[in-house]
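Please read it beside the sequence and the coordinates.

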Amino acid sequence: MHVTLAFLGQTPDERLAGVTAAAETAASGVTAFDVELDRSGRFPPTGRPRVVWLGIGAGAPNLLTLGEHVRAELGRRTIGFDNKPLRAHVTIGRVREDVDLVDARAIAAAVEAMRLPHLRFRADSVVVFESRLSPRGPKYTQRAVVPLRVGGTS
């Protein structure tokens, strides 16, 4: 599971060094922090669900700031990315486009009824992932890992 700070889409391998440099600059000076998953939801919030997610409470401001820095550094390097507003969440599932209305309503109701304990983890790095889509879902491969500074408790 991961939080997407910037989605680059199709990016040539020769741009990987620039993407990694952007992550390194954005992460420099940032101390690792705790993140709390505290609620569930879906995109879009009404109609047929397409994405089911876990929302971030504690740690969301840190993630949003880090994401803004990553995006700014990508922009400085003229590396394109999806500029949709950053929403701090962890995707836990995608709903097939061909899902029938009965199943779509059942998924929406299940998300609405979902209650989860507050789950915490430590955000201690920025990872550059390559994702390859397949009928069985995306496959993620780490291409670079940029550690955040050690220290702090939240």
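D34 and R122 form a salt bridge through their side chains, at 3.0 Å from N to O; a salt bridge here is a side-chain nitrogen of Lys or Arg within 4 Å of a carboxyl oxygen of Asp or Glu. The model is a predicted one, in which local features need pLDDT of at least 70 and side-chain atom pairs count only at pLDDT 80 or more, while totals for chains, interfaces and linings use all residues. Residues are numbered from 1 along each chain as its sequence is written, and side-chain values use heavy atoms, with hydrogens and water left out.

**Salt bridges**

- The whole structure holds 11 salt bridges.
- Helices (H or I, at least four residues) and strands (E, at least two) are DSSP runs, numbered from the N terminus.
- D34 counts as buried at 19% relative accessibility, whereas R122 counts as partly exposed at 31%. Buried means under 20% relative accessible area, exposed over 50%, and partly exposed in between (1.4 Å probe, protein chains only).
- K84 and D82 meet in a salt bridge at 3.9 Å, N to O. K84 is exposed, with a relative accessible area of 56%, and D82 is partly exposed at 30%.
- In the salt bridge of R132 with E130, the closest N and O atoms are 2.7 Å apart. R132 is exposed at 56% relative accessibility, while E130 is partly exposed at 21%.

- Four strands make an open sheet in the order 3-2-1-4, with antiparallel pairing. Two strands pair if DSSP finds at least two bridges between them.
- Strand 3 (89–94) and strand 4 are the edge strands, each pairing on one side only.
- On average, neighbouring strands of this sheet are turned by 35 degrees against each other, direction ignored. Axes are lines fitted to C-alpha atoms, for helices over the stretch in contact, and angles run from 0 to 180 degrees between N-to-C directions.
- Strand 1 and strand 2 run antiparallel and are joined by six bridges. L37 stands opposite I56 in strand 2.
- Helix 3 (residues 101–113) packs on the sheet and touches strand 1 and strand 2; the direction of helix 3 makes about 145 degrees with that of strand 1. Contact means heavy atoms within 4.5 Å.

**Nonpolar cores**

- The largest nonpolar core has 28 residues, of which L5, I56, L63, L74 and V126 touch the most other members. Such a core is a set of buried Ala, Val, Leu, Ile, Met, Phe, Trp, Tyr and Cys residues joined through side-chain atoms within 4.5 Å.
- At least two residues of this core come from each of helix 1 (16–27), strand 1 (33–43), strand 2 (51–56), helix 2 (60–76), strand 5 (125–132) and strand 6 (139–147).
- A second, separate core has five residues, among them V95, V99, A104 and V111.
- Apart from neighbours within four places in sequence, L74 is in contact with A6, L8, V19, A22, I79 and F81.

**Aromatic pairs**

- The count of aromatic pairs is two. Rings of Phe, Tyr and Trp (its six-membered ring) pair if their centres lie within 6.5 Å; planes under 30 degrees apart count as stacked, over 60 as edge-to-face and the rest as tilted.
- The ring centres of F43 and W53 are 5.4 Å apart and the planes stand at 35 degrees, so this pair is tilted. F43 in strand 1 and W53 in strand 2 are 10 residues apart.
- F43 is buried at 18% relative accessible area, and W53 is buried at 14%.
- The ring centres of F129 and Y140 are 5.9 Å apart with planes at 65 degrees, so this pair is edge-to-face. F129 lies in strand 5 and Y140 in strand 6, so the pair ties together parts 11 residues apart in sequence.
- F129 is partly exposed at 34%, as is Y140 at 39%.

**P147**

- P147 lies in strand 6 and is exposed, with a relative accessible area of 58%.
- Leaving aside neighbours within four places in sequence, P147 is in contact with D124 and S125.
- The C-alpha atoms of P147 and R77 are separated by 21 Å, and the two residues are 70 residues apart along the chain.
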